[in-house]
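Here is a short report to read alongside the model.

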Amino acid sequence: MAGNNPNAKLMNLTLKVWRQRNMNTPGQLVTYPVKNISPDMSFLEMLDVVNEELLIKGEDPIAFDHDCREGICGMCSLFINGRAHGPERGTTTCQLHMRSFKDNDTITIEPWRAAAFPVYKDLIVDRSAFDRIQQAGGYVSVNTGGVPDANEIPIPKTIADKAFDAATCIGCGACVAACKNASAMLFVSAKVSQLAMLPQGKVERKTRVENMVAQMDIEGFGACSNTGACAAECPVGISLENIAIMNREYISAKATSENVA
Amino acid sequence: MILDSKIPEGPLAEKWDKHKFNVKLVNPANKRKYDIIVVGTGLAGASAAATFGELGYNVKAFCYQDSPRRAHSIAAQGGINAAKNYQNDGDSIFRLFYDTIKGGDYRAREANVYRLAQVSVNIIDQCVAQGVPFAREYGGLLANRSFGGAQVSRTFYARGQTGQQLLLGAYSALNRQIAYGKVKMYPRTEMLDLVMVDGKARGIVTRNLITGKVESHSAHAVVLATGGYGNVFFLSTNAMGSNTTAAWRAHRRGALFANPCYTQIHPTCIPVSGSHQSKLTLMSESLRNDGRVWVPKTIELAKKLQTGEIKASDIAEADRDYYLERKYPAFGNLVPRDVASRNAKLVCDEGRGVGSSGLAVYLDFADAIKRDGLSAISAKYGNLFDMYAKITDENPYESPMRIYPAVHYTMGGLWVDYNLMTNLPGLYATGECNFSDHGANRLGASALMQGLADGYFVIPYTIGNYLAEMPATKVSTDHPAFKEAEQNVMAITNKLLSINGTRTVDDFHKALGQIMWDYCGMARNAEGLKFAKQEIKKLRAEFWRDVKVIGVNEELNMTLEKAHRVADFLELGELMVDDALNRNESCGGHFREESQTPENEALRDDENYAYVAAWQYAGEGQEPILHKEELKFENVKLTQRSYK
């Protein structure tokens with residue numbers, strides 16, 4: 001049963017998939033021929049089909065991260081033919097469909113490659129470094145309760161919209177994977193600039209940027225050399241401007257540091 | 001067993017304030033002596049864990065995802081209700097309460113729902129203070145919209161990703177407590193059993209999803225915020241990993257499961273495109289504000305559409321049936337979710353569905369584009385239209401969208417009292433995981449409200465009342481109860497790994513989903529439910545005989561994870577069928593074909609079914625035991641919902 005396109009031609013493909021048993025075992029690309037793939041399938045549904053076949057044969061299925069399959073949770077990753085989240089711009093892997101490929105294509109599928117994202121298994125990497133960066137300062141220090149009425153903090157719409165644009169980051173790590181230095185600047189700057197723009201975040205803006213950048217360095221992410229690959233590959237279109245804002249925030253914070261530690 | 005809802009005495013509007021004063025407090029210096037486990041880090045779990053940490057408790061939080069930020073609350077699009085009355089259009093706490101209890105078809109507790117409406121206003125304040133970027137007007141104040149057929153504009157929103165922004169707010173609060181050392185976070189960790197010591201919930205047993213290590217965690221109280229069980233249908237709008245395992249294993253340890261048959265089926269989802277389909281995608285029901293729902297008037301025309309002989313645009317205006325506008329002139333395309341879904345099924349069952357499968361109806365924007373212009377429609381719905389185009393490869397600006405209902409939310413869940421505590425002392429359930437606030441049908445923009453209400457503003461008070469009465473002494477994880485639970489988990493794991501059959505876990509899951517959808521979906525009848533019960537029993541027996549799970553426990557083994565979850569779905573599915581069979585009335589998301597008005601609308605039976613059905617697990621292969629909590633309505637008059 002095909003859905004929208006009853007005449008869609010099924011495809012045969014060759015997959016080259018990174019297989020790695022665990023963090024301590026070296027991995028390699030393994031070739032899998034796949035047949036009868038509908039162009040209406042999502043990329044991950046294509047992998048589901050491959051995995052069902054592997055399982056029936058008693059072979060270990062390909063491990064990959066995924067959850068919402070709606071392009072919002074940021075759990076899916078995959079470096080497809082050398083591109084983070086595959087060939088379509090502004091798209092997560094779960095929203096990539098097989099109609100973006102042609103019959104007889106060879107598709108290479110690798111995990112995110114970055115020292116700060118070690119491989120757990122196959123295509124699954126450890127992105128906990130991102131959480132630790134957020135824990136270093138990606139918040140406004142307010143406890144539950146005891147806050148002013150929501151409308152007591154008016155925010156100009158243009159600023160609210162700009163902060164929103166930065167807040168849409170889904171934390172997938174494509175920016176790191178796309179960067180030749182494996183820099184996390186786009187990810188970190190999205191949160192720094194979101195909170196620096198808003199009145200609620202201004203109180204802690206100096207310590208926030210200092211602590212988050214320090215944690216980013218501790219985690220082993222590379223330096224930014226402004227190639228813009230991160231923004232080009234970002235599935236939700238986080239702007240490079242955030243990096244400029246973060247650099248300014250950082251220099252100004254360092255010049256008049258409030259960090260007492 | 002007597003179900004005591006522990007609803008405080010006094011007038012509705014004063015119950016919560018009085019209760020907050022009456023609950024016992026834990027001395028600030030003593031809070032650090034108490035440990036709380038929170039399972040799940042969506043809106044209900046992250047907000048609770050963060051707030052417990054702020055209060056001074058020691059918290060351990062668990063999620064199966066790689067980061068707490070990924071919980072499926074993140075996928076909510078539309079918005080969050082709050083009785084702020086910022087728009088001066090007549091909203092109030094009582095009106096939000098009234099709409100919610102009526103929308104739930106009078107199958108929720110008055111006191112719980114009223115409290116939800118009360119604390120809704122605090123949620124918005126809290127989120128704004130955290131830096132959640134809600135939509136704003138040019139004057140700098142917050143914007144609102146009317147949502148899901150509400151007569152007032154009380155919905156706060158953040159473009160089409162309100163859930164994400166609220167969750168990132170709760171995640172940031174959680175991160176702050178993790179940094180302070182008050183919360184210890186365990187990502188990629190799944191709860192597989194509940195540990196009861198001397199009749200109290202004192203811990204859980206988990207499996208580390210990377211190493212397979214089975215571990216015990218001891219605490220003074222356990223909070224389950226593990227979401228809903230819609231994935232029992234295999235296809236739903238839930239995330240792939242959403243599951244019932246934590247709640248179900250607690251049920252097996254004695255926690256009652258309430259109203260399991262109440263399932264919400266959302267009318268505006270993208271239809272199934274083939275047998276490869278792994279999940280369904282919802283589009284915000286705000287689309288129904290401007291889109292017109294229709295199918296062809298005749299089966300002949302529908303057939304031609306299904307085979308691709310003609311296109312939607314080939315069908316003359318006179319040959320189109322705008323069935324919602326025709327049947328419900330007052331509400332038209334904005335009838336509540338259950339009514340919209342059921343009517344889509346009706347016209348498709350008649351053979352008038354569209355798309356190659358015939359399981360879809362049109363949602364047409366042509367008139368809206370003609371009226372308001374392409375750019376106005378694009379500004380409102382651009383992201384949804386893009387999403388639709390990406391998935392279906394069709395342009396909704398040029399031809400109508402095809403939509404079909406999909407399982408979206410489960411109103412049923414673990415039974416809890418007014419304090420959100422289950423019948424097991426020390427075990428709490430919050431958010432979608434419990435049954436408490438939405439009755440038989442949840443209104444749009446109310447799920448986010450309930451998750452955050454429970455986590456930020458209800459359980460932080462009520463849990464203190466329990467802990468204040470309990471000694472701070474800790475239970476060692478060497479206690480026999482922990483060892484027994486660990487052995488139980490390993491026994492299930494070893495059994496799953498040893499079968500080495502011929503059918504995959506997904507294969508069983510899809511088969512279960514088909515039974516549930518066919519017989520316990522949008523319309524149910526006694527005959528079908530009885531048949532489904534036998535089919536599920538057979539399928540479950542076959543699962544334990546023939547499932548194929550390979551690999552070992554001591555590794556990242558996604559097939560094993562799924563097998564645990566599907567094993568539980570296979571039990572829950574039967575309980576849902578039992579509950580649906582017992583409830584011989586139509587209410588909210590539960591439509592019994594035997595109980596209809598002469599116009600084929602849902603017919604409630606308040607005399608016989610105005611109760612919460614709370615089911616007790618009676619052991620493997622035993623029929624569950626039904627306990628009833630009568631619902632009393634003192635502040636609203638029960639009326640038949642009518643959207644004519």
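## Domains

Chain B is divided into domain 1 (12–77 + 111–117 + 163–261 + 409–467), domain 2 (265–408) and domain 3 (480–607). These bounds come from an automatic or database domain assignment. The model is predicted: local features need pLDDT of at least 70, side-chain atom pairs count only at pLDDT 80 or more, and totals for chains, interfaces and linings use all residues. Residues are numbered from 1 along each chain as its sequence is written, while chains are lettered from A and ligands numbered from 1 in the order in which they are written.

The assignment gives chain A domain 1 (11–121) and domain 2 (128–255).

| Chain | Domain pair | Distance between centres |
|---|---|---|
| A | domain 1 and domain 2 | 29 Å |
| B | domain 2 and domain 3 | 30 Å |

In chain B, the contact between domain 2 and domain 3 takes six residues from each of them. Two residues are in contact if their C-beta atoms, placed from the backbone, lie within 7 Å. On the domain 2 side, helix α10 (residues 337–349) of chain B gives the largest share, four residues. By class, that side of domain 2 of chain B has two nonpolar, one polar and three charged residues. Here Ala, Val, Leu, Ile, Met, Phe, Trp, Tyr, Cys and Pro count as nonpolar, Asp, Glu, Lys and Arg as charged, and the others, Gly among them, as polar. Helices (H or I, at least four residues) and strands (E, at least two) are DSSP runs, numbered from the N terminus.

## Where the chains meet

How many residues of chain B are in contact with chain A? There are 71 from chain B, in contact with 71 residues of chain A. Elements giving two or more residues to the chain B side include α3 (43–55), α5 (110–130) and α6 (162–180) of chain B. α6(B) gives the most, with nine residues. The chain B side divides into 26 nonpolar, 29 polar and 16 charged residues.

## The annotated site

UniProt, in an unreviewed entry, places the feature "active site" at B:Arg337. It also places "domain: FAD-dependent oxidoreductase 2 FAD-binding" (unreviewed entry) at residues 35–448 of chain B. UniProt positions follow the numbering used here, feature names are shortened, and annotations may be inferred rather than shown by experiment.

B:Arg337 sits in helix α10 of chain B. Is B:Arg337 buried or exposed? B:Arg337 is buried, because 26 other C-beta atoms lie within 10 Å. A residue is buried at 20 or more such atoms, exposed at 12 or fewer, and partly exposed in between, with C-beta atoms placed from the backbone. Leaving aside neighbours within four places in sequence, B:Arg337 is in contact with B:Gln264, B:His266, B:Pro267 and B:Glu285.

B:Val272 lies in the loop between β11 (263–269) and β12 (292–296) of chain B. B:Val272 is partly exposed, with 18 other C-beta atoms within 10 Å.

The largest nonpolar core has 287 residues. Such a core is a set of buried Ala, Val, Leu, Ile, Met, Phe, Trp, Tyr and Cys residues joined through C-beta atoms within 7 Å. Among the members touching the most others are A:Val176 and B:Tyr428.

Helix α16 (residues 526–546) of chain B has 21 residues. Its buried residues include B:Leu529, B:Lys533 and B:Phe543. What covers the buried residues of α16(B) includes α15 (505–519) and α17 (558–582) of chain B.

Methods: The expected span of a helix is 1.5 Å times one less than its number of residues.
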